[in-house]
Amino acid sequence: MSLQMISAINNSSLIQPGFSLLNFDGQVFFFGQKGWPKRSCPTGVFLLDLKKNELKLKPAFFSKDSCYLPPLRYPAVCPLRGRTESEKCQYVIHGGKTPNNELSDKIYVMGIACKPGKKITFKCTEKELVGDVPEARYGHTINVVHSRGKSMSVIFGGRSYIPLGQRTTEKWNSVVDCMPHVFLVDFEFGCCTSYVLPELQDGLSFHVSIARNDTIYILGGHSLENNIRPPNLYRLKIDLPLGSPAVSCTILPGGISVSSPLVTQTGDKEFVMVGGYQCDNQKRMFCNTISLEDNNIEIVERETPDWTPDIKHCKIWFGSDMGNGAILLGIPGDNRQLISDANYFYILRCGETREDDEEAAQTCSQTSTEDPGDSTPFEDSEEFCFSAEANRFDDDDIDTYNEDDEEDESETGYWITCSANCDIDINTWVPFYSTELNKPAMIYCSNGDGHWVHAQCMDLSEGMLIRLSEANVKYFCNEHVDLARGLQTPKKVLPVKKQPMKLLRRKTSMKLATPVKKSFLRRLFE
């Protein structure tokens, strides 16, 4: 195993925990950046361009008939093999977090619409599901199984927000384990069916799932309710006869207590599992080889790479499988870097792989490391999806992504500290105005370069908030309103109206006909 450091020379701040990698015909695409996308790449899909150990991100293109695909973090992703040539390279994407920390319950199928030259144009389709539709979640897995000439997708695990009826002010945005149900999804007819298996007692998230033919192996994971990583190993058997599907579960020995490991395929029946977390405050620095033989699974420890001091001492790490036995690994940067939120990136090569057959094994590992603002540094939170090969690209004719097109989430995000007295917290916020749904209302202060503030922190009534939003006027927050008043031009004072001198003299001469005091005349002409 070899470890090689690479340089991210543009848009490295977009690569945050929770991203996924998609492999389309050998080209690697990055999916799911942290901030709201704007003009350059409205879906958060970028070509991952690696040349001379330098990493660049270039925006991808979508066809006009494609649906909108939000830049999701921590979704469940796996390849979907179609029957026709146009459906040969597709991915199914379910769940995940939107840039505003809302959870998605939608399911998408993303494939190639056309490929003129080296440019790939994608098409994304949202699938309508009926039946036992799985709730919105993240940190789960999805796999495709094949049995008796038919195929189905299997969804398991993950986390979701507390139901609305159980929310309190203190736990408004708290997450809980999803119920340990197994969902079978038939894409051909859009039907979902859930199964309750007695062997699956705890909801698990950020686990590893490996699918081969009609069998899925589930390894590791984290139970949020009990705060444990049970050393369980499950085998799900999916039988797809003409009638109703049959789902069975078997508990196997030889499991490992781990969450958020990275898995890459190094052979037709061989996989390598790297890292993860073995407890809340300790990374798991070991590696294992996973072999599948005749409906059995074997897990053995193998040599570890020569970890650098930065990797050994960092508290969190994140990454994704690049295919062909390679893993893109990232660790947080330090204060020595020019960009405070930049990360260091490595490519870990674990071995070589061969082309898989039509019913090749698939891996899905939902790993941990949520955004620092969403959880503690060691909480399971980051997803490691796989697929993608670190090839070199010559797509220099693709316009490079302009980072200036992105809004600075630290300045315009809904969960910023907008003032010294700001008490809006993502974990305790509840709707204050009747117009609020999933985020607090904000208003723009026009002082200087401008900045966003929470309307609730500014003590605005709902009527005033609506009036300001409808009127084309400038607003100044509580901290800048006095400064703004001081800069205002004082109101014009009307000049004192003076009578013409000729008229004044005429009136004076008329009054001199009668005796007057000298003091009066003096005051009159002063």
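Select R148 and D239 to begin: their side chains meet in a salt bridge, with 2.7 Å from N to O. R148 belongs to the loop between β12 and β13, and D239 to strand β20 (residues 233–239), so the pair ties together parts that are 91 residues apart in sequence. Please keep in mind throughout that this is a predicted model.

Remain at R148 and display the backbone. The loop that holds R148 runs between β12 (141–147) and β13 (150–156). R148 has a positive phi of about 55 degrees although it is not a glycine. As background, most residues other than glycine have a negative phi. Is R148 buried or exposed? R148 counts as exposed, because its relative accessibility is 60% and the threshold for that word is over 50%.

**Second stop: Y74, another positive phi**

Now select Y74. This residue also is not a glycine, and its phi is positive, at about 60 degrees. Y74 is found in the loop between β6 (61–62) and β7 (76–80). Is Y74 buried or exposed? With a relative accessibility of 0%, Y74 counts as buried, since the limit for that class is under 20%.

Side chains of opposite charge can pair when their charged atoms come close. How many salt bridges does the count give? The count comes to 7 salt bridges.

Select K237 and D214 next. Their side chains meet in a salt bridge of 3.5 Å, N to O. K237 lies in strand β20, whereas D214 lies in the loop between β18 (208–212) and β19 (215–219); the pair therefore ties together parts that are 23 residues apart in sequence. K237 counts as partly exposed, with a relative accessibility of 28%.

Then move to D49 and K58. Here the closest N and O atoms of the salt bridge are 3.2 Å apart. Both D49 and K58 are buried.

**Fourth stop: aromatic rings**

A pair of aromatic rings is described by the distance of the centres and the angle of the planes. The count of aromatic pairs comes to 14. Select F19 and F30, whose ring centres are 5.4 Å apart and whose planes stand at 35 degrees, so the pair is tilted. This pair links distant parts of the chain, 11 residues apart: F19 is in the loop between β1 (2–8) and β2 (20–24), and F30 is in strand β3 (residues 27–31). F19 is buried, with a relative accessible area of 1%. F30 is buried as well, with a relative accessible area of 1%.

For a second pair, select W307 and W317. Their rings are edge-to-face, at 5.5 Å centre to centre and with 65 degrees between the planes. W307 lies in the loop between β27 (296–302) and α1 (309–313), and W317 in the loop between α1 and β28 (318–323), so the pair ties together parts that are 10 residues apart in sequence. W307 is buried, with a relative accessible area of 7%, and W317 counts as buried at 3%.

The charged end of K283 sits over the ring of W317, 5.3 Å from its centre. Which ring does K97 lie over? K97 lies over the face of Y138, at 4.7 Å from the ring centre.

**Last stop: the cysteines**

A disulfide is a covalent bond between the sulfur atoms of two cysteines. How many disulfides does the count give? The count comes to 0 disulfides.

Select C191 and C192 to examine one case. C191 is in no disulfide, and the nearest cysteine sulfur, that of C192, is 7.7 Å away. C191 is partly exposed, with a relative accessible area of 37%.

Finally, select C350 and C287. C350 is in no disulfide either; the sulfur of C287 is the nearest cysteine sulfur, at 6.6 Å. C350 counts as buried, with a relative accessibility of 8%.

Key
Residues numbered from 1 in each chain as written. Predicted model: local features only at pLDDT ≥ 70, side-chain atom pairs only at ≥ 80, totals over all residues. Heavy atoms only, no water. Helix = DSSP H or I, 4+ residues; strand = E, 2+ residues; numbered from the N terminus. Buried < 20%, exposed > 50% of the residue type's maximum accessible area, 1.4 Å probe, protein only. Phe/Tyr/Trp six-rings, centres within 6.5 Å; stacked < 30°, edge-to-face > 60°. Lys NZ or Arg CZ within 6 Å of the ring centre and 35° of its normal. Salt bridge = Lys/Arg side-chain N within 4 Å of Asp/Glu carboxyl O. Disulfide = S-S within 2.5 Å.
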